[in-house]
Amino acid sequence: MKILVCISSVPDTTAKINFTSDGKSFDKTGVQFVINPHDEFSLNKAIDIQEKTGATITILTVGDASVDPVMRKALAIGANDGIRIDSEAKDDFFVATQIAKAVKEGGYDLILTGKESIDYNGGAVPGFVAAILDYAFVNGSIGLEVDGSTAKVIREIDGGKETLEVALPAVIAGQKGLVEENAIRIPNMRGIMQARTKQINVVAPESTDSKVVVVGFEKPAERGNVTLIDKDNVAELVRLLHEEAKVI
């Protein structure tokens, strides 16, 4: 079995977010980048499958050379090799086109992604990939077992869980719960040393038009000062909600 795990390089959740002076791009200065957490759950599930079936795992990222450290971490965790599409991740459709091309060329049986990246939270890439390839697609997966040419997938739905069985090849988008948080693998020294010799194939991007033009980014308004009101002064609370907050 051949597994492709798509990973994104995203800012650490503790990073302070800023934009360039023109407001049209993210300012990467001083920002630590990590594997997108949803992708990391999928990567760890792929390694679980690898240990049971002997599958090979290839990671794929769309990005320039700055994403190599994140790819090396994924290799240190247990992936066999990597593919880097040498291009800026312009938009969801562009990224999905690159992934679909790699899938066609590599003949992968299972494509694992995160349900979304935590930087832009678009969540469209895995669905686009499945649509381009005409593969079965399950989103928001919290359970996955592979048996030969089929996969049993559990996903969250409103008010419960749904169990599905899909034929491979398929695209499965994972999230928190796909593996237990305490089972997330941390690269050890042996893995880090081995990752240095694992191959990352850098390939040119597939030519495709971007579907999105960035007009600008802006931060949400800063929180205002907190007004404390005595618990017995209900009249003042009502007045402030009505006259200042204007919510009633």
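Strand S4 (residues 56-62) and strand S5 (residues 81-85) run parallel and are joined by 5 bridges. The model that shows this pairing is a predicted one. Thr61 is partnered in S5 by Arg84. S4 also pairs with S1, again through 5 bridges, and these two strands run parallel as well. Here Val5 finds its bridge partner in S4 at Ile59. S4 is mostly covered, with 6 of its 7 residues buried.

An open sheet is formed by 9 strands, in the order S9-S8-S7-S10-S6-S1-S4-S5-S11. Its pairing is mixed. Strand S9 (160-167) and S11 are the edge strands, and each of them pairs on one side only. On average, neighbouring strands of the sheet are turned by 30° against each other, with direction ignored.

The sheet is part of a protein chain with 6 helices and 11 strands. The chain holds 248 residues, of which 38% are buried. Its C-alpha trace spans about 70 × 45 × 40 Å along the principal axes. Contacts were also sorted by distance in sequence. Among those with a separation of 6 or more, 69% come from residues 24 or more positions apart.

Helix H1 (residues 37-53) lies across strand S1 (2-6), S4, strand S6 (110-114), strand S7 (136-147) and strand S10 (170-174). Relative to S6, H1 runs at about 150°. Helix H3 (residues 92-106) is another element to examine. H3 has 15 residues. From its first C-alpha to its last it reaches 21 Å, close to the 21 Å expected at 1.5 Å a residue.

Which residues of H3 are buried? They are Phe94, Val95, Ala96, Thr97, Gln98, Ile99, Ala100, Ala102, Val103 and Gly106. An α-helix has 3.6 residues a turn, so residues three or four places apart point the same way. The cover over the buried residues of H3 includes S1, S4, S5, S6 and H4.

Aromatic rings were examined next. A pair of aromatic rings is described by the distance of the centres and the angle of the planes. The count comes to 4 aromatic pairs. In one of them, the ring centres of Phe19 and Phe217 are 5.1 Å apart and the planes stand at 5°, so this pair is stacked; the cut-off for stacking is under 30 degrees. Phe19 lies in the loop between strand S2 (9-11) and strand S3 (33-35), and Phe217 lies in the loop between strand S11 (200-203) and helix H6 (234-243), so the pair ties together parts that are 198 residues apart in sequence. Phe19 is partly exposed, with a relative accessible area of 25%. Phe217 is also partly exposed, at 28% relative accessibility.

A second pair has another geometry. Phe93 and Phe128 are edge-to-face, with 6.0 Å from centre to centre and 85° between the planes. This pair links distant parts of the chain, since Phe93 sits in helix H3 and Phe128 in helix H4 (residues 125-133), 35 residues apart. Phe93 counts as partly exposed at 26% relative accessibility. Phe128 is partly exposed too, with a relative accessible area of 33%.

Rings also gather in a group. Phe19, Tyr120 and Phe217 form one aromatic cluster. Elsewhere, a charged residue meets a ring: Lys2 lies over the face of Tyr108, at 4.9 Å from the ring centre.

Leu168 and Pro169 are joined by a cis peptide bond, with omega about 5°. Pro169 is found in the loop between S9 and S10. Asn121 is not a glycine, yet its phi is positive, at about 55°. Asn121 is placed in the loop between S6 and H4. Its relative accessible area is 40%, so Asn121 is partly exposed. Lys246, a residue other than glycine, also has a positive phi, near 55°. Is Lys246 buried or exposed? Lys246 lies in the segment after H6, and at 63% relative accessibility it counts as exposed. The cut-off for that label is over 50%.

Methods. Residues are numbered from 1 along each chain as its sequence is written. This is a predicted model: local features need pLDDT of at least 70, side-chain atom pairs count only at pLDDT 80 or more; totals for chains, interfaces and linings use all residues. Side-chain values use heavy atoms; hydrogens and water are left out. Rings of Phe, Tyr and Trp (its six-membered ring) pair if their centres lie within 6.5 Å; planes under 30 degrees apart count as stacked, over 60 as edge-to-face and the rest as tilted. Helices (H or I, at least four residues) and strands (E, at least two) are DSSP runs, numbered from the N terminus. Buried means under 20% relative accessible area, exposed over 50%, partly exposed in between (1.4 Å probe, protein chains only). A charge sits over a ring if NZ of Lys or CZ of Arg is within 6 Å of the ring centre and within 35 degrees of the ring normal. Two strands pair if DSSP finds at least two bridges between them. Axes are lines fitted to C-alpha atoms, for helices over the stretch in contact, and angles run from 0 to 180 degrees between N-to-C directions. Contact means heavy atoms within 4.5 Å. The expected span of a helix is 1.5 Å times one less than its number of residues.
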